[in-house]
Amino acid sequence: ETRGVIASPSAFACTALVVMAIIAVSDASNAGRARPLQRAAGLAGLGLAAAVGHEAFVAGTGRASQQAMMSQGYGAAQLRGARAFPAAANAGTSGAWATAAACGVLTGAAALAAKRRTSCSSSSRCALPERPEPREPTMAARSTAVATEQLVTSVDPSQGPQGTYQVGIDFAHWLQSATEELEVDGLRVDGEIPPWLIGNLIHAGPAKFEFGDDEFVDWVDGQAMLYRLQIRGDGKCQYKNKWLDTWNHRMHREAGRIAVRETCSRPSLQSFWERFQYMFNPPNNENGNLHISQIAGHRCVSMSVGSACLEFNLEDMKTLGKVPFDDELVEGGPLIFHAEPHLDKDTGEWITCAIQLRISMEDMGLKPEYVVFSVAPDTSKVPGAPVKRRLIRRISTEHPSPVHTIALTKKYVVMIQIPYPLNWEGMMNAEGRWLMNGVYEGNLNDYNTWQPERPTLIHLIDRETGEEAKVFEADPFFFFHIINSFEEKGGANDDDLVHLDVVCYNQPPVGFPLRQARSGDVEDWRGGGGEVRRFTMNLTTGECSCAGWPDNCFDEPKINPKVDGERHRFSWGVIDDNGMLRLTKQDHDTHEVVKWMGQDVSRELPWQPVFVPEPYSDREDAGCLLSFVRDQPTGNNFCVILDASTMKEQARVHFPEGHHIPLHGHGTFIQGRTT
């Protein structure tokens with residue numbers, strides 16, 4: 001009886017209260033104090049009362065207008081629900097109960113107001129240079145057979161790899177689930193691996209997208225797999241892949257369905273009451289499928305957009321569990337949307353940021369904050385030992401947007417806040433629809449709203465004191481990846497400057513529900529790369545300027561870590577070359593682009609390269625570029641090793657034939673032998 005009416009204001013308020021209750025329960029469980037528990041109980045009582053009353057009201061007056069529901073339904077919900085569940089409604093103190101009511105209602109109102117707000121201050125923006133209109137996407141995915149002639153259309157075959165192609169990325173097969181764990185020694189190697197290249201290339205990625213008849217909504221919900229290519233000093237190589245053993249994955253597997261909450265997916269529960277009760281279970285957030293890094297120079301961790309930080313053993317790839325953080329950072333609520341951790345190349349300090357949705361009783365609503373924090377390099381190297389984080393800075397904001405990467409200079413943490421804030425109304429309505437009919441729709445892009453009328457903010461945060469040196473405004477842009485940032489003196493008066501190189505998009509890439517992408521129906525996919533821009537921020541004058549590098553269609557950037565935080569000349573990554581992804585070297589001084597020589601662009605699809613510097617060399621481009629490459633017609637995979645200076649192929653390490661590696665996330669190379 002209640003399908004299709006969740007968009008009503010009364011249902012929206014009910015959902016807001018339930019979500020507030022979940023956050024409060026998490027707050028209480030983290031803090032371990034009676035007062036947050038009273039608040040949580042009060043919120044839970046009100047949310048339960050409101051939902052029950054709302055269901056009864058809609059069942060009796062299903063044809064009433066939304067205006068009538070707003071004027072009558074909410075009061076009826078409180079009254080009927082409170083009568084039906086007096087114990088729940090009175091669980092907290094009367095003061096906590098009343099505070100919870102006002103908090104939930106105002107949160108919903110604030111979300112609606114933020115959605116409708118259309119103006120913002122744009123003074124002192126860093127204006128972008130004139131640039132041509134965005135070109136039409138050149139990639140068209142083919143969803144059916146994997147024969148080469150169906151994936152490639154050659155406009156001028158006589159020009160070979162330098163010709164113009166329209167190449168489809170075979171998402172339909174690339175996004176199939178992995179089915180096996182392997183450990184294989186003696187991989188076939190074509191060419192010669194440099195003798196100094198010894199270590200482990202580690203990637204993480206979503207690799208399991210369905211359980212039983214249930215399918216995840218978004219790629220980021222896929223269950224995490226770890227992939228390791230071990231390169232030994234004798235030229236021998238080993239491949240090993242292993243599931244990240246998480247609570248989430250175990251629950252899904254044992255139930256044979258989607259059993260617990262993921263970032264964009266919700267459990268498959270048949271009845272309203274099962275779903276309602278589940279909404280009071282705080283998420284466990286165990287699915288580290290995107291970022292790989294090391295804490296204290298030794299402890300390997302994997303994390304993702306909405307995941308806790310999960311530790312694993314490099315030697316046998318076994319999962320050790322959540323990193324046991326021993327601090328008070330999460331007392332105000334869980335941390336979400338972690339940025340890819342950044343390691344200080346000189347000190348080994350591990351730095352990242354996240355969003356925290358704090359409950360403010362003083363403001364009677366949610367008080368979003370960015371939390372910038374670090375882990376010291378002298379943290380215990382013992383696996384599973386407690387880890388204490390150092391709070392660098394909290395930044396309150398009404399418009400929190402996810403931060404995918406940050407940058408470090410000698411003095412500053414550089415954080416970019418794009419005009420892509422969390423979409424409270426969309427998130428609440430999605431939760432409400434799932435509550436009422438069991439269907440959760442959308443993808444990660446639906447959690448945010450593009451607001452180009454707002455500026456992009458660039459925060460410079462002192463790494464030692466936590467003070468914000470300056471917040472600079474720029475014209476709106478979207479980004480995933482920062483290339484590098486560095487400080488220097490410049491200008492007529494020898495001013496203090498901070499330069500920031502970013503891969504920018506004029507708008508967010510098109511996001512597809514996972515099911516649509518897996519079907520191959522992604523003709524409107526807008527990706528392939530952005531535009532490199534250099535922002536120069538003058539700390540002396542407060543001015544910001546920007547220089548663009550239009551039409552280079554570049555992303556997934558890497559630099560030599562030896563020049564991280566210093567002036568650099570080169571970066572390496574992936575470029576959209578007339579419809580095909582190619583590994584490239586970018587010269588930021590001359591704008592010269594050198595592509596992987598010898599790549600068969602008719603079939604070879606590289607992704608997520610990693611730069612490994614050559615030891616004992618001061619030359620910036622001395623090293624190797626490593627990338628997993630998918631041979632699209634066969635589905636086989638190999639790791640290509642390129643000379644980073646010339647972009648010539650040095651070796652290929654072939655993975656077991658027929659072994660599927662889905663579209664994966666970021667990786668890292670850990671140098672040295674393992675036992």
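Visitor: Is C353 buried or exposed?
Guide: In this predicted model, C353 is buried, with a relative accessible area of 2%.

Visitor: And C546, buried or exposed?
Guide: C546 is buried because its relative accessible area is 13%, and the cut-off for that class is under 20%.

Visitor: How many disulfides are there in the whole structure?
Guide: A search of the whole structure returns 0 disulfides. For reference, a disulfide is a covalent bond between the sulfur atoms of two cysteines.

Visitor: Turning to strands, which one does β26 join, and by how many bridges?
Guide: Strand β26, residues 530–538, is joined by 7 bridges to strand β27, residues 544–558. The two run antiparallel. One of the paired positions is M537, whose bridge partner in β27 is C544.

Visitor: What is the order of the strands in the sheet they belong to?
Guide: The order is β24-β25-β26-β27-β28-β29-β30, an open sheet of 7 strands with antiparallel pairing. Its edge strands are β24 (478–490) and β30 (593–595), each of which pairs on one side only. On average, neighbouring strands of this sheet are turned by 35° against each other, direction ignored.

Visitor: What holds strands of a sheet together, in general?
Guide: Strands of a sheet pair through backbone hydrogen bonds, either parallel or antiparallel.

Visitor: How many residues of β31 are buried?
Guide: For strand β31, residues 604–613, the count is 10 of the 10 residues, so the strand is largely enclosed by the rest of the structure.

Visitor: Which strand is joined to β31?
Guide: Strand β32, residues 623–631, is joined to β31 by 8 bridges, and the two run antiparallel. Within β32, F628 is the bridge partner of W607.

Visitor: Now a helix. How many residues has α10, and what is its reach?
Guide: Helix α10 covers residues 424–437, which is 14 residues. From its first C-alpha to its last it reaches 20 Å, close to the 20 Å expected at 1.5 Å a residue.

Visitor: Is α10 mostly covered or mostly uncovered?
Guide: Helix α10 is mostly covered, with 10 of its 14 residues buried. Among them are W424, M428, W434 and L435.

Visitor: Which residue follows α10?
Guide: G438 follows α10, and its phi is positive, near 80°.

Visitor: Finally, the whole protein: how many helices and strands?
Guide: The secondary structure comes to 11 helices and 35 strands. Of the 675 residues, 58% count as buried. The accessible surface is about 26,700 Å², of which 49% belongs to carbon and sulfur atoms.

Methods
Residues numbered from 1 in each chain as written. Predicted model: local features only at pLDDT ≥ 70, side-chain atom pairs only at ≥ 80, totals over all residues. Heavy atoms only, no water. Helix = DSSP H or I, 4+ residues; strand = E, 2+ residues; numbered from the N terminus. Expected span 1.5 Å × (residues − 1). Buried < 20%, exposed > 50% of the residue type's maximum accessible area, 1.4 Å probe, protein only. Pairing = 2+ DSSP bridges. Axes fitted to C-alpha atoms, helices over the stretch in contact; angles between N-to-C directions. Disulfide = S-S within 2.5 Å. Areas by Shrake-Rupley, 256 points an atom, 1.4 Å probe, with all protein chains shown as cover.
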